[in-house]
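Let us learn to read a protein model, one feature at a time.

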Amino acid sequence: MIERNVQINSSFEPKEAAMLVQTASRFKSSISLIHEEKTANAKSIMGIISLNLQGGQTVKIEANGDDDREAISVMEQFLAAAKPA
């Protein structure tokens with residue numbers, strides 16, 4: 001398992017959450033986002049929305065599986081590069 005903390009750049013409204021889920025779904029690895037004691041499957045739109053992610057917050061990404069290194073890298077880039085609404 002690989003873990004990485006990343007500061008997100010913007011809030012995740014449904015459109016951004018859907019894009020994040022699509023990105024995570026490209027990987028075989030299980031991917032989770034952890035924020036303030038809550039954990040969500042990065043491949044679940046409802047899970048991502050339930051985290052209520054806001055710009056400036058830090059979230060932990062965990063990936064476990066055959067392509068976990070690539071998954072962590074891509075997810076980190078996605079979260080850090082998301083543009084403010």
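This is a predicted model: local features need pLDDT of at least 70, side-chain atom pairs count only at pLDDT 80 or more; totals for chains, interfaces and linings use all residues.

Q: How many salt bridges does a search of the whole structure find?
A: Look for a Lys or Arg side-chain nitrogen within 4 Å of an Asp or Glu carboxyl oxygen. Here the search finds two salt bridges.

Q: Which residue forms a salt bridge with Lys-60?
A: Glu-3 does, and the closest N and O atoms are 3.7 Å apart. This pair links distant parts of the chain. Lys-60 sits in strand 4 and Glu-3 in strand 1, 57 residues apart.

Q: Which residue forms a salt bridge with Arg-4?
A: Glu-76 is the partner, with the closest N and O atoms 3.0 Å apart. Arg-4 lies in strand 1 and Glu-76 in helix 3, so the pair ties together parts 72 residues apart in sequence.

Q: Which residues touch the most other members of the largest nonpolar core?
A: This core has 25 residues. Leu-20, Ile-31, Leu-33, Ala-42, Ile-61 and Leu-79 touch the most other members. Helix 3 gives the largest share of the core, six residues.

Q: What does Leu-33 touch?
A: Set aside residues up to four places away in sequence. Leu-33 then touches several residues, among them Leu-20, Ala-42, Ile-61 and Leu-79. Lys-60, from the salt bridge with Glu-3, is also one of the residues that Leu-33 touches.

Terms used
Residues are numbered from 1 along each chain as its sequence is written. Side-chain values use heavy atoms; hydrogens and water are left out. Helices (H or I, at least four residues) and strands (E, at least two) are DSSP runs, numbered from the N terminus. A nonpolar core is a set of buried Ala, Val, Leu, Ile, Met, Phe, Trp, Tyr and Cys residues joined through side-chain atoms within 4.5 Å. Buried means under 20% relative accessible area, exposed over 50%, partly exposed in between (1.4 Å probe, protein chains only). Contact means heavy atoms within 4.5 Å.
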